[in-house]
Amino acid sequence: MGDSVGIKYSSVNEGEEHKGGHGIRKVSIVPLIFLIFYEVSGGPFGIEDSVKAAGPLLAIVGFLLFALIWSVPEALITAEMGTMFPENGGYVVWVSSALGPFWGFQQGWAKWLSGVIDNALYPVLFLDYLKSSVPVLGGGLPRTLAVLILTVALTYMNYRGLTIVGWVAVFLGVFSLLPFFVMGLIAIPRIEPSRWLEMDLGNVNWGLYLNTLFWNLNYWDSISTLAGEVENPKRTLPRALSYALVLVVGGYLYPLIACTAAVPVDRELWSDGYFSDVARILGGFWLHSWIQAAAALSNMGNFVTEMSSDSYQLLGMAERGMLPEFFAKRSRYGTPLIGILFSAFGVVLLSWMSFQEIIAAENYLYCFGMILEFIAFIKLRVVHPNASRPYKIPLGTIGAVLMIIPPTILIVVVMMLASFKVMVVSILAMLVGFALQPGLVYVEKRRWLKFSISAELPDLPDSIAEEDSTTPLVF
């Protein structure tokens, strides 16, 4: 990856720069906020299981507590590292810089698999919301064809450009959150605060509870993989992450607080889609239909933003010479053509998995990637404490270590809760990555495929551990 220690991102430092080197308009702060919103959330669809698993009090407290011990640290680390390395590839570049290209590739492999597995969920959920109105979509060939058609249509949207995806995310985000705002207002006269205190510690499904909270509050780092497409990322990225954090957590707590107090709580009823039933009770059929439509369209927002993150990650890895050069090929719209096609193919292959299997498998692989991110974050702080960081978490090294202890404990718990089947499949997937990286190095040495580092990017050290730790990095 080069011998130079000094790293300078001259092409992304100017605030007035609105277009990238390919003449494509960069993403501004408003679309970026909603891209992050959909990477992480997409609205309160799916949080109902937290009430089913643990009751209203633990559900509300859980989202507050998990936001503090997981979402805030992850968003802060993304802001610091994403502005330190404002290029496509994101966390792959962070880990490569701290631990070397082998572990950087493993980070990319685990996170890309996790993202594609996650994305396989959304066409299925979209059809699940429609099958009550169109029963033929419930299974068989019509459902399979519908998944394929939907995947192709949303993939084409990604092909047309990230700015289009960003503004589509803005529209879908507003449309998806607005009915919950209206439902909360309608719920006010019916609120009975005593219902918030309902709790039975002897009857808590801890596995479902923790997985629901974790799944709905992670993926803050995904936006880093397209940092090179963001307008003035060193300033825009931290601001967008902070605004998105408020939007996501508020979007969960507002309907949860309103609805658990406005209707009697029958925990068995609180499963995926129950908010639409509450909407019917509080507002009637029109509000029920609005929330169902919002839920269906929200899955489209989740799909296009996740695919953007996954495909730009592959492009960033190719621009760093970790993948063959053809992955860096852009369409005439500036989008990563091969990365989009690979990600779409992965979605189609994995669309047969069940909802529970998808959540468990993606969580396991995601946790593996987060462990590498935490190690890279701390190592860069220790080895290069004085490196230029456009945004720096206002904590010293000890404070940074203390900050990641709670999320690390959470990672261990989530991985231990995985079923044996999920654990075996996930470990096998990671072992494939261990073999794939040296295999690609061999392919490069034999010149069977062309690999290259983009001339627009600065050199990165193969491993900071091999360098003089007193040498400053220049950004």
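The structure is a predicted model, in which local features need pLDDT of at least 70 and side-chain atom pairs count only at pLDDT 80 or more, while totals for chains, interfaces and linings use all residues. Residues are numbered from 1 along each chain as its sequence is written, and side-chain values use heavy atoms, with hydrogens and water left out.

**Cavities**

- The structure holds four cavities of 30 Å³ or more; a cavity is a set of points, on a 1 Å grid over the protein atoms alone, where a 1.4 Å probe fits but cannot get out, and lining residues have an atom within 4 Å of a point.
- The largest cavity contains about 220 Å³ of space, a volume being the space filled by probe spheres set on grid points joined across faces, edges and corners.
- Among the 23 residues lining the largest cavity, Ser41, Phe45, Tyr122, Trp215 and Asn302 are the closest to its centre.
- At least two lining residues of the largest cavity come from each of α1 (29-40), α6 (121-130), α9 (206-216) and α12 (285-319), and α12 gives the most, with four; helices are DSSP runs (H or I, at least four residues) numbered from the N terminus.
- The lining of the largest cavity comprises 11 nonpolar, nine polar and three charged residues, where Ala, Val, Leu, Ile, Met, Phe, Trp, Tyr, Cys and Pro count as nonpolar, Asp, Glu, Lys and Arg as charged, and the others, Gly among them, as polar.
- The second largest cavity has a volume of about 60 Å³, and its lining includes Arg25, Lys26, Glu229 and Tyr312.
- Five nonpolar, three polar and three charged residues line the second largest cavity.

**Packing of α8 and α10**

- Helix α8 (residues 162-187) packs against helix α10 (residues 233-262) at an angle of about 35 degrees, with the axes 9 Å apart; axes are lines fitted to C-alpha atoms over the stretch in contact, and angles run from 0 to 180 degrees between N-to-C directions.
- Residues of α8 including Leu177, Phe180 and Phe181 take part in the contact with α10, whose residues there include Leu247, Tyr254 and Pro255; contact means heavy atoms within 4.5 Å.
- This contact has 12 nonpolar, two polar and no charged residues.

**Aromatic pairs**

- There are 26 aromatic pairs in the structure, counted where ring centres of Phe, Tyr and Trp (its six-membered ring) lie within 6.5 Å, with planes under 30 degrees apart stacked, over 60 edge-to-face and the rest tilted.
- One of them joins tyrosine 91 and tryptophan 94 edge-to-face, at 6.3 Å centre to centre and 90 degrees between the planes.
- Both residues of this pair, tyrosine 91 and tryptophan 94, lie in helix α4 (residues 91-99), three residues apart, about one turn of the helix.

Technical notes. 1 Å grid on protein atoms, 1.4 Å probe; cavity = no way out; pocket = protein on both sides within 12 Å on 5 of 7 lines; lining within 4 Å.
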